[in-house]
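Grab a pencil and work through a few exercises on the structure shown below. Each one sets a task and then walks through a solution.

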Amino acid sequence: MSVSKPTHLAIRRAAAALLHDRLVAFPTETVYGLGARARSSRAVLRLYAAKGRPRFNPLIAHVADLAHARRLVRFDERAERLAHRFWPGPLTLVLPRLAGAAVSRLAGAGLSTLGVRIPDHPVALALLRRIGEPVVAPSANPSGRLSPTRAGDVARTLGGRVAWILDGGACRVGLESTIVDLSGPRARLLRPGGIAREAIEALIGPLAGAGNEIRAPGMLESHYAPRARLRLDAASAAAGEAYLGYGPLPALPDDVPALTLSAARDPQEAARNLFAFLQTLDRPHIRTIAVAPVPPDGIGLAIRDRLARAAAPR
Ligand code: TXA
Ligand code: MG
């Protein structure tokens, strides 16, 4: 495995590795992705194995532009609007798969739909343009664990299983794309994420599915889990716990490690810090991380969703 700054040479080599069915971790604006050549069943099987991911959980196909996306899935009026407004960006559209799509059936978990997105990150786009075919990329973490927002997170947990890690620094959004299912007559929110639900509804009307009852296949109740337990909507923390605040930190016992997601209560900043700070507070002697309440507005809905899954029984 080699961790590299995303120079032209490194991107060329990473692209070559992908074309040889090897795995490459790369930055996107949301989280780091673990990429595999989408059309190659061999590469896709390696990807599922590297993550320890159940095979019934489909992967998102990443492409560099709309023309490419049109070769994979059938767009309708709603999809056109959303794609024009939010791509490149943290939105995944689930649409009917086209017969000729260059994506292995294994990557789509056998479904008649496909999740597609154009990431808004220069390194991701350079890599996708270079190889000129879709790359499937789940978050680059072992299945069920915290998603990586820094190259070091990937190196620590998956380093032995990837050919290249392109280090593009910390991810700007910090949590995954919003997933909207447009394969049926009612648009459904499958996963809250980087684009606010309100912004999507402003364009295509109300979405079915609220923060918690929603289910993408394989989107298990327990996910994004640090080793420590989580205690949600906590105003304070006791000895033996850590505290993850939102807004200014309250007075806490001396031995309680504490960080605030955003002193200014800025939800974007909180999203950017969420996974990294959970990682930092997840120390061996900490049994529980107590987490302050985060309001469900805008990207706050996605923060709450990730926290609820991190706190779910395992
Ligand atoms: O921001 C992101 O979306 C990141 C970056 C790397 O692009 N990727 C990501 O992938 O979060 P992953 O595999 O960790 O999460 C993808 C989610 C899964 O919950 C999966 O079930 C759902 O998308 N999904 C993928 N294809 C689907 C489909 N055809 N129908 C319904 N859900 C789908
Ligand atoms: Mg994931």
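**Exercise 1: Salt bridges**

Arg78 and Asp76 pair up in a salt bridge, with 2.7 Å between their closest N and O atoms; the term stands for a side-chain nitrogen of Lys or Arg within 4 Å of a carboxyl oxygen of Asp or Glu. Before going on, some ground rules: this is a predicted model, where local features need pLDDT of at least 70, side-chain atom pairs count only at pLDDT 80 or more, and totals for chains, interfaces and linings use all residues. Residues are numbered from 1 along each chain as its sequence is written, chains are lettered from A and ligands numbered from 1 in the order in which they are written, and side-chain values use heavy atoms, leaving out hydrogens and water.

Task: say whether Arg78 is buried or exposed, and do likewise for Asp76.

Solution. 
- Step 1. Get the cut-offs: buried means under 20% relative accessible area, exposed means over 50%, and partly exposed is in between (1.4 Å probe, protein chains only).
- Step 2. Arg78 comes out at 19% relative accessibility, so it counts as buried.
- Step 3. Asp76 comes out at 24%, so it counts as partly exposed.

**Exercise 2: Bridging along the chain**

Task: find where the partners Glu133 and Arg37 sit.

Solution. 
- Step 1. The structure holds 18 salt bridges, and one of them joins Glu133 to Arg37, with the closest N and O atoms 2.7 Å apart.
- Step 2. Glu133 is in the loop between helix 5 (122-131) and strand 7, while Arg37 is in strand 3, so this pair links parts of the chain 96 residues apart. Helices (H or I, at least four residues) and strands (E, at least two) are DSSP runs, numbered from the N terminus.
- Step 3. With 11% relative accessibility, Glu133 counts as buried.

**Exercise 3: One face of a helix**

Task: work out which residues of helix 2 are buried and how they are arranged around its axis.

Solution. 
- Step 1. Helix 2 spans residues 41-51, and its buried residues are Ala43, Val44, Leu47, Tyr48, Ala50 and Lys51.
- Step 2. Looking down the axis, these residues fall within an arc of 165°, so they line one face of helix 2. The arc is taken from the directions that run from the helix axis to the C-beta atoms.

**Exercise 4: A histidine and its neighbours**

Task: describe the surroundings of His62.

Solution. 
- Step 1. His62 belongs to strand 4 (residues 60-62).
- Step 2. Its relative accessible area is 3%, so His62 is buried.
- Step 3. Leaving out residues up to four places away in sequence, His62 touches Arg117, Pro119, Leu128, Pro134, Val135, Val136 and Ala137; touching here means heavy atoms within 4.5 Å.
- Step 4. The His62 side chain also reaches the backbone oxygen of Ile60, at 3.1 Å.

Methods. Polar contact = N/O pair within 3.5 Å; in protein donor to acceptor, adjacent residues only side chain to side chain.
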